[in-house]
Amino acid sequence: MSFSAVIVAAGSGSRSGGPKQWRGLGGRPVVRWSVEAFLAVGADQVIVVIPQGDDDRAAEAFAGLDGWSLVTGGPQRAASVRLGLARADPSLPVLVHDAARPFVTSAHIGELLAALESAEAAAPALPVADTLKAADGDRVTRTVDRSGLWRAQTPQAFAPGVLQAAYGSVSVEENPTDDLAAVEAAGGRVRLTPGDPRLMKLTYPEDFAMAEILAGSRPIVRVGTGFDVHVFGPGSSVWLCGVEVPHSHGLVGHSDADCGLHALTDALLGAIGEGDIGDHFPPSDPQWKGASSDRFLSHAAGLVAARGGRINNVDVTLICEAPKVKPHRQAMRERVADILGLSVDSVSIKATTTERLGFAGRQEGLAAQAVATVEIPA
Ligand code: MG
């Protein structure tokens, strides 16, 4: 069936913290979702009403698509719809859609066009499920009977010339919040089709989190590894994974020589491609002499957070004949969990020997290896 589509994308996004039509959703600008949906069902015209001066942004948003055209919008939604309608072929049915509802499908469009066989206008709607309260500020004044009340969504469909005629009889000062209202005012036959929660309108900034889930966006899981060695020297204790462990020797290093935290810091840096611990804390820099290594680990965790990421889990293996790690393992897990802001359950500390082989077997030094997984936004 031939029809035109007018997609209203002229808003300034005052409630959602900026123009949401151009914002990315699942890797595509919000408005592109609707344009693609209408092009996919073979709309004869896809007219997109945009804010003044946004033509270049629109061209970028619709790169690679054919069959759309742009109209500059007006100060209010109804004015923008009128301007879009003026470009639409009056001999065709027209569907008017809000760009802020990106999940329109061919099924929604098909139901609306079918509804026009017995009505002049149609819109998807959902029954009101929540109890409605009238309030004066935050003081409830009464409960409103919700029976017979529906939440109208878009797209809204109009038989040829019906919406043009309806807006022709509504004064320009009137600014209905949807287009069905203009036809209702003119006494037209209006029908409801089944609504869909996925036709949600992106109104507030928090709506985008829900929309990203509907868009199937998944964060990317990344893995990093780290390895570190320190040599034994004079002393009576070693620092391992943030815990001081009594021993017949100390570990030699510029900082506190905490092999476990150094390997773990490198694992986190590796997961986000941020170089290694030496890039961030050069051993040549005197300020890190004797430094407590939890600062290095916190810094790496901060870089993950700055990317909008979160640490999933970490796993450290300490490689030594002595000291015995097991008696201190739980304290180490708790310390690392505390530094990284993770649950203890997400932190593993293990130990192994090398069966007396190599430098660790000869107790010349101690090694640690670590793995970290992080999630960062797609
Ligand atoms: Mg080291």
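**Exercise 1. Domains**

State which residue ranges the domain assignment gives for domain 1 and domain 2 in this predicted model, and how far apart their centres lie.

Solution. Step one: the assignment places residues 4–216 in domain 1 and residues 220–376 in domain 2. Step two: taken over C-alpha atoms, the centres of domain 1 and domain 2 are separated by 54 Å.

**Exercise 2. An aromatic pair**

Classify the ring pair of W288 and F296 as stacked, tilted or edge-to-face.

Solution. Step one: the structure holds 6 aromatic pairs. Step two: in the pair of W288 and F296, the ring centres are 6.0 Å apart and the planes stand at 80°, so the pair is edge-to-face; the cut-off for this class is over 60 degrees. Step three: W288 and F296 are both buried. Step four: ring pairs join W288 and F296 with F281 in a cluster.

**Exercise 3. Charges over rings**

Find the ring over which R23 lies, and the ring under the charged end of R28.

Solution. Step one: R23 is placed over the face of F208, 3.6 Å from the ring centre. Step two: for R28, the charged end sits over the ring of W33, at 3.8 Å from its centre.

**Exercise 4. Q52**

Locate Q52 among the secondary structure elements and decide whether Q52 is buried or exposed.

Solution. Step one: Q52 belongs to the loop between β4 (45–50) and α2 (55–61). Step two: the relative accessibility of Q52 is 70%, so Q52 counts as exposed; the cut-off is over 50%. Step three: from Q52 to V31 the separation is 21 residues in sequence and 16 Å in space, C-alpha to C-alpha.

Note on methods: Residues are numbered from 1 along each chain as its sequence is written. This is a predicted model: local features need pLDDT of at least 70, side-chain atom pairs count only at pLDDT 80 or more; totals for chains, interfaces and linings use all residues. Side-chain values use heavy atoms; hydrogens and water are left out. Rings of Phe, Tyr and Trp (its six-membered ring) pair if their centres lie within 6.5 Å; planes under 30 degrees apart count as stacked, over 60 as edge-to-face and the rest as tilted. Buried means under 20% relative accessible area, exposed over 50%, partly exposed in between (1.4 Å probe, protein chains only). A charge sits over a ring if NZ of Lys or CZ of Arg is within 6 Å of the ring centre and within 35 degrees of the ring normal. Domain bounds come from an automatic or database domain assignment. Helices (H or I, at least four residues) and strands (E, at least two) are DSSP runs, numbered from the N terminus.
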